[in-house]
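Please take a first look at the structure shown here, and then read the notes below, which are grouped by topic.

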Amino acid sequence: MSGRIPPEVIQQIIRQRFGSFRACYETGLRTNPDLQGRVSVRFVINSDGSVGTASNGGSDLPDTTVVSCIVRAFAGMIFPQPEGGIVTVTYPIQFAPTDPPASPSAGGSSTSSSPA
């Protein structure tokens, strides 16, 4: 069986964690003030709402330490229990040095279901 969580619920929960993602990015800015790019995180929401796995989902940000930090921040997230099984999500976040301090711009999320 495959699960489902409304995309707007996923986006809301991820936006609540932007401080963690921004902290990772700001660490990278200290060594490269021009650092910019997209971090795409692919993660699985288990049937209990916990994140089972999180990995790089095709990021183009050239700092692997920052990408890894952001991927790790997804690992501790909790979502509502999906209806009908687990859910696989790929979520892109765009970073640029001119972003306001507290909110990197976020792309939409694309979700796909996986067998439970």
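Leaving aside its neighbours within four places in sequence, F43 is in contact (heavy atoms within 4.5 Å) with I10, I14, V51, T53, A54, F74, F79, V87, T88, V89 and Y91. This is a predicted model, in which local features need pLDDT of at least 70 and side-chain atom pairs count only at pLDDT 80 or more, while totals for chains, interfaces and linings use all residues. Residues are numbered from 1 along each chain as its sequence is written, and side-chain values use heavy atoms, with hydrogens and water left out.

**The chain as a whole**

- The chain has 3 helices and 5 strands, where helices (H or I, at least four residues) and strands (E, at least two) are DSSP runs numbered from the N terminus.
- Read along the sequence, these elements follow the pattern α-α-β-β-α-β-β-β.
- Of the 116 residues in the chain, 41% are buried, a term that means under 20% relative accessible area, with exposed set at over 50% and partly exposed in between (1.4 Å probe, protein chains only).
- Among the contacts in the chain with a separation of 6 or more, 71% are between residues 24 or more positions apart.

**The largest nonpolar core**

- A nonpolar core is a set of buried Ala, Val, Leu, Ile, Met, Phe, Trp, Tyr and Cys residues joined through side-chain atoms within 4.5 Å.
- The largest such core has 29 residues, of which I14, F21, F43, I70, F74 and F79 touch the most other members.
- Two or more residues of this core come from each of helix 1 (7-15), helix 2 (18-31), strand 1 (37-45), helix 3 (64-75) and strand 3 (87-95).
- Helix 3 gives the most to this core, with 6 residues.

**Helix 2 against helix 3**

- The axes of helix 2 and helix 3 come within 9 Å and cross at roughly 165 degrees, the axes being lines fitted to C-alpha atoms over the stretch in contact, with angles from 0 to 180 degrees between N-to-C directions.
- Helix 2 is therefore roughly antiparallel to helix 3, since angles over 145 degrees count as roughly antiparallel, those under 35 as roughly parallel, 65 to 115 as roughly perpendicular and the rest as oblique.
- The contact is made by S20, F21, C24, Y25 and G28 of helix 2 together with V66, C69, I70, A73 and F74 of helix 3.

**T27 in helix 2**

- T27 is found in helix 2, and this residue is partly exposed, with a relative accessible area of 41%.
- Although T27 and V66 are 39 residues apart in sequence, they are 7.4 Å apart in space, C-alpha to C-alpha.
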